[in-house]
Amino acid sequence: MSDTRRSLRDLEQTNDFVRRHIGPSESEIQVMLGEIGIESLDALADKVVPRGIRNSGPLALDDSTTEAAALAELRGMADQNVINKSWIGLGYYGCHVPTVILRNVLENPGWYTAYTPYQPEISQGRLEAILNFQTMFCDLTGLELANASMLDEGTAAAEAMTLCQRQSRNKSNVFFVSQDCFPQTIDVVRTRAEPIGIRVVVGDHRSDLVGLDCFGALLQYPAAGGEVHDYRSLVDAVHEKDGMVVVAADILSLTLLASPGELGADVAVGSTQRFGVPMMFGGPHAAFFATRDAYKRSVPGRLVGVSVDSRGDTAYRLALQTREQHIRREKATSNICTAQALLAIMASMYAVYHGPDGLKTIAQRVHRLTATLVEGLRRGGIVVLNETFFDTVVVNSGDTTAEIHERANGRRMNLCRIDSARVGISLDETATRSDVEDLWSIFGVQQDFVEIEAAAEDAIPAALRRTSAFLTHAVFNSHHSETEMLRYLRALMDKDLALDRAMIPLGSCTMKLNATSELIPVTWPEFADIHPFAPREQTLGYRQMMEQLEAMLCACTGYDAVSLQPNAGSQGEYAGLLAINAYHESRGDAERNVCLIPSSAHGTNPASANMVGMKVVVVNCDADGNVDVADLRTKAAKHADTLAAIMITYPSTHGVFESAIEEICAIVHDHGGQVYLDGANLNAQVGLAAPGKYGSDVSHLNLHKTFCIPHGGGGPGVGPIGVRKHLAPFMPGHRLLDEEDSPRKGGPVCSAPFGSAGILPITWAYIRLMGRQGILDATRVAILNANYLARKLGAHYPVLYTGPNGMVAHECIIDLRDIKDATGITVDDVAKRLIDYGFHAPTMSFPVAGTLMIEPTESESKQELDRFVEAMVHIREEIRAVECGDVDPSNNPLKHAPHTAADLADGEWNHPYSRAQAVFPVDKLRACKYWVPVGRVDNVYGDRNLVCSCPAIDDYRDVA
Amino acid sequence: MKTSLVLTVIGEDRPGLVGSISSVLASHDANWEESRMANLGGRFAGILLASVDSSNVGALTEALTDLRDKGLSITVETAEGGVGEPRNELTLELVGQDHPGIVRDISQALASRDVSVEELTTEVRSATMSGENLFHATARLRVPASLNTDEIRGLLEGLANELMVDIEFGEQTHP
């Protein structure tokens, strides 16, 4: 024991979390600095980040704190939220999250720390879960093809609109939207339509749609007020005019109702929240998108498909990747990248858990209780306006409206505030008979429940009762005991490689630690069980947390204001560009519509620009991957009268701090444009440089990269935007925020006012825990880790693109093109071989085809970095054997990677390398080995033989 | 009178392939007008335009077909193009899963609707993120005026689920 008395401050360990978040220890940091020949982290930052853009002082953040203290602060805020039973509806419903799913999926890092399943071999578990999701929505909607999820119902409806515009044979510019759609959906569709010249006509579908010349129509089923309309004749009328029909449907009701496909709809969309995902004050939730096979090339987002692996066995993969790789990105009509994989998986597991009969039972219970409620109200003299309903009704409350809301609040219930004379009631899975009695009493009605229930009749029109089967596949009919469910979840999770097993060194994806303490508050009922349209006084804790978070994000980025609404990075880009458009318009500069985009940009940038009606002009890059400033100057001058913006990623997509960034910003400003700085690479600069201070006007911040929200295996993402003062009024607004002190003028970009509010506590906790110095240290170590890897790997592979000092930023690119020319070994081969070593591959072929981009983040320890280097060096030797002619160029451990247990068990082994070399190329793997469940997946086969729902039961017969 | 022929070629890549085609052409007094060829997925594939005396078409076709013995599969189409019929110039961009014979499939589909390929550049690139080998093609086409872009897109997209086809009027291939 030391003689010196340590300070209490020291013993309180308020810095403890910082060292747990940052991988390398202090002594390891010194060793690593030695390797790259730099004396300190300060000197490293000086060398890597251009002096002109460096922050002048520390961030305006608090000191770091302990996990216990941060959780206590969050608890204090959570307690200010009021959990009422929300019978508000409008697309958000109370539900019971099956606890086996809550604990083993939502709260399990094996699921939530995975990446988007681009590498199918290490993603079979979640690919199967998402395939289940797609199968479920093919069944429920009666359509042929469902995608892997959308961000929410509003954006799904907007995407459906643009699909109709592309595919419809009616070439008018009118899209009809029924006034009985959810109001927030109508708003999101309007926001989306305006900049691309679509005229949205909102009206009564019963009187205004027939005979209207429109390319598409959006109808809600059941309608927002609960009415269950038979849309068949309307669908026929729209089709007669060569238009298409989108039906926004409630998924629970679809278990009892004729499917949208049976009504003739071309597209069906809707939220899947009520299938076992908490409301979370608006999100994240998955939406579904289903359509006809004929429109497969136009389906937005991702599709999981069935293929075969190298052994000919069934394997899953992302299908039709060519849609994402489509050449003319600036013609894209959708910029969706991340979807809501984790939430889609939860919803699919809810269906696996309950099965078709269980779901129908829940739906029938909700309907019976609603019918009982209505019968009791009517007998009590209350006017219920619905002729038909499933779970939602509208009551004519007249003069008593305010009083009714007050009485409801007294019983800790929220009703839907339609207007001053009507209230809406939407029951859900959580409703009980005593809730119905409470609701009666709110309306001053006393009834005998048993008697009323016995008299209550179904209110679903006979012609719309579901007769078609759904969820007939075995997976929805075999895991209904908790034991079976638990093991199914475990079996799928075990197939996947997530951060809980190994580093995921994906460049530009920032797969850092998602600390448990950051995640814990997400499922606290005070955050999870809040309806997004709950009255303001019930959400004070949320608002306080978000206000603090906005201030933290402003401090980190140098911006003046933040909007938390965009619920994905792509949504942030879109919201930021809309703000730029609105700003120009407000100054009478409506003709400014040219968006400069460097050729190295991420594909989402031009897609976003196109979505807001901007014209993309590509700016060249020089041989080092930097923006060609002379070309920029020429193009900015040429378009001076119409220049709207530049979209630039910083540090660049090549992982370099371009020294000309200030000059680039100045050139664009001088020619009347605004600077959109893509925040994808913010992890290289938080604390060192602030975009809002060195020339940028607006950025989106990928909270799921830099700020610790997990990737969820392909979503949720969160993409708030930070803006300088002059753009603040044009950030996204929302009809529910119109009463706020300074309402924002921009249209909403997603359904909920605060987007994916439910996971914002993660980022709050991260910044609070790390504090001013910890955040800075994280950035510096992220840069150190990348340069350490660049140095170590540089001895074996060429490293592409470095800054003027020979340093990289927070990621490095290694070039395999010469290796491919010499040996035929491709990036794909190296990526698959890394699986045998227990690693997820780095980013492949971005931003340069034939390269690997590696981003270690600050969270990976030196030990893990060294393990990765060891694997890459071994792989280089395996390549050298091919180079030297010692090994057959087509029969070697790289070409046949990854190797499965089944490969080993084959009687014959037709390879010139040993079984041990195949699966234990380094000895450490004998102690801890990730066994890949399938061999290399055949992409061509999967696309040739496109199947995007669960394989037929026949395929399982042999097993049964 | 001269006849224009469109040849599609596919075979195992090995030295001397081009030579064997050109010598057959030369021995039939045919002229090698224009071609685009590449090694694709370990196979040699190409399309070429040749002109030959109409009286020699039969013999040339036979001789080319006989190259199968040398591991080359060649199909021959007549590119008649309806002399005098008005044609539009279009640019086409296409991305699809790479597989041997993809150029042949595409060129045959185009030839079947009397579309002439003025220029074709193809490349196989590793796809961003997923790393799979994707086939990219950019082509300048001359198309009978009676054929619209939707029909051409439908024709090509009919070849495979994943083919994404983008067609524009005019010569510009990049914005």
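In this predicted model, 30 residues of chain A are in contact with 23 residues of chain B (C-beta atoms, placed from the backbone, within 7 Å). Helix 34 of chain A gives the largest share of the side that touches chain B, four residues. Local features need pLDDT of at least 70 and side-chain atom pairs 80 or more, while totals for chains, interfaces and linings use all residues. Residues are numbered from 1 along each chain as its sequence is written, and chains are lettered from A in the order in which they are written.

**The side of chain A that touches chain B**
- Its residues divide into 13 nonpolar, nine polar and eight charged; here Asp, Glu, Lys and Arg count as charged, Ala, Val, Leu, Ile, Met, Phe, Trp, Tyr, Cys and Pro as nonpolar, and the others, Gly among them, as polar.

**Chain B as a whole**
- Chain B has four helices (DSSP H or I runs of at least four residues) and eight strands (E runs of at least two).
- From the N terminus on, its elements run β-α-β-β-α-β-β-α-β-β-α-β.
- The radius of gyration of chain B, taken over C-alpha atoms, is 16 Å, which agrees with the value near 16 Å for a compact globule of 175 residues (2.2 Å times the number of residues to the power 0.38).
- Its C-alpha trace spans about 45 × 40 × 25 Å along the principal axes.

**A sheet in chain A**
- Five strands form an open sheet in the order 1-13-14-12-11, with mixed pairing (two strands pair if DSSP finds at least two bridges between them).
- Strand 1 (85-87) and strand 11 (383-384) of chain A are the edge strands.

Technical notes. Two residues are in contact if their C-beta atoms, placed from the backbone, lie within 7 Å.
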